[in-house]
Amino acid sequence: ALLALGQVKLRAILASCMVSQLGLSIMGVSLLNGNGYAGAVGNLVVCAVAGGVLFLSCASVLAGFGGDELERIRGLGRRMPWTFGVMSAAGLTMVGLPPTAGFHSRNLLLNGVADQGGVSMSICLAVGALLLGCCFLRIFCIAFLLRPREEIRLREYREPGTLRIVPTVLGALAIVCLGFVPDYFMRFIGL
């Protein structure tokens, strides 16, 4: 996640965040207890769905805008609200904030760490979540809050077609809905 803070392209930021999520899953398996294993599997499932949503959204930005440099997508969220809305939901999931499914997998990982009595691993989980939060906050602020540069005419850019929007919206709904029913989430991942 620390590498993602220095990236300037949306794809590179998302790829760095995905590597961070895989590291969390490896940590969960290395705990060698039930909560750690369940958190690792849950994190992989959440990471797969949220990552798919994020990369499909990034593809929509590339198709509709022609680039994914953060400075060039300033203010683009106003022209592509669905795309950036689902990116925000997937970003919250990757960070592990409630009410998303990512919260429950992080909670299981924290329980696994507590079962082992590892304070340093708990700190690593917290710092990782904070760094991921900073990455997604950076994307959100640039895409939504900053005004576009004068040389970029945003009125030319719009949401992609329905075939690109529907899968991302369904994925975002899935990760948020699974967050509201943690028992179903556990059955969904087979634990």
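Start with the crossing of α3 and α5, which is left-handed. This is a predicted model, so everything here is computed from predicted coordinates. Helix α3 covers residues 34–65 and helix α5 covers residues 101–116. Their axes are 7 Å apart, and the two helices pack at an angle of about 155 degrees. Angles over 145 degrees count as roughly antiparallel, and that's why we call α3 and α5 roughly antiparallel to each other.

Who is touching whom here? On the α3 side, look for Asn35, Gly36, Ala38, Gly39, Ala40, Gly42, Asn43 and Val46. They meet Ala101, Gly102, Ser105, Arg106, Leu108, Leu109, Asn111, Gly112 and Asp115 in α5. Sort the residues of this contact by class and you get six nonpolar, nine polar and two charged.

Now bring in α2, residues 10–30. How do α2 and α3 sit relative to each other? Their axes come within 8 Å and cross at roughly 170 degrees, so this pair is roughly antiparallel too. From α2, the contact uses Leu10, Arg11, Leu14, Ala15, Met18, Gln21, Leu22, Leu24, Ser25, Gly28 and Val29. Facing them from α3 are Gly36, Tyr37, Ala40, Asn43, Leu44, Cys47, Gly51, Leu54, Phe55, Cys58 and Leu62. By class, the α2 and α3 contact has 15 nonpolar residues, six polar ones and one charged.

Between α2 and α3 there's a loop, and Leu32 is in it. Check its backbone: phi of Leu32 is near 55 degrees, a positive value in a residue that isn't glycine.

α2 also packs against α5, at an angle of about 40 degrees and with the axes 10 Å apart. That angle makes the two helices oblique to each other, and their crossing is left-handed. Gln21, Leu24, Met27 and Gly28 of α2 make the contact with Arg106, Leu109 and Val113 of α5. This set has four nonpolar residues, two polar and one charged.

Next, go to the loop between α4 and α5, where you'll find Pro99. The peptide bond joining Pro98 and Pro99 is cis, with omega at about 10 degrees.

One more stop: the largest pocket, with a volume of about 200 Å³. Which residues line it? They are Phe84, Met87, Ser88, Gly91, Leu92, Val95, Leu97, Gly133, Phe136, Leu137, Ile139 and Phe140. Two elements give two or more residues to this lining, namely α4 (81–95) and α6 (119–145). α4 gives the most, with six residues.

Conventions: Residues are numbered from 1 along each chain as its sequence is written. This is a predicted model: local features need pLDDT of at least 70, side-chain atom pairs count only at pLDDT 80 or more; totals for chains, interfaces and linings use all residues. Side-chain values use heavy atoms; hydrogens and water are left out. Axes are lines fitted to C-alpha atoms, for helices over the stretch in contact, and angles run from 0 to 180 degrees between N-to-C directions. Helices (H or I, at least four residues) and strands (E, at least two) are DSSP runs, numbered from the N terminus. Angles under 35 degrees count as roughly parallel, over 145 as roughly antiparallel, 65 to 115 as roughly perpendicular and the rest as oblique. A crossing is left-handed if the near helix is turned anticlockwise from the far one by less than a right angle, and right-handed if clockwise. Contact means heavy atoms within 4.5 Å. Ala, Val, Leu, Ile, Met, Phe, Trp, Tyr, Cys and Pro count as nonpolar, Asp, Glu, Lys and Arg as charged, and the others, Gly among them, as polar. On a 1 Å grid over the protein atoms alone, a cavity is a set of points where a 1.4 Å probe fits but cannot get out, and a pocket is an open set with protein on both sides within 12 Å along at least five of seven lines; lining residues have an atom within 4 Å of a point. Grid points are joined across faces, edges and corners, and a volume is the space filled by probe spheres set on the points.
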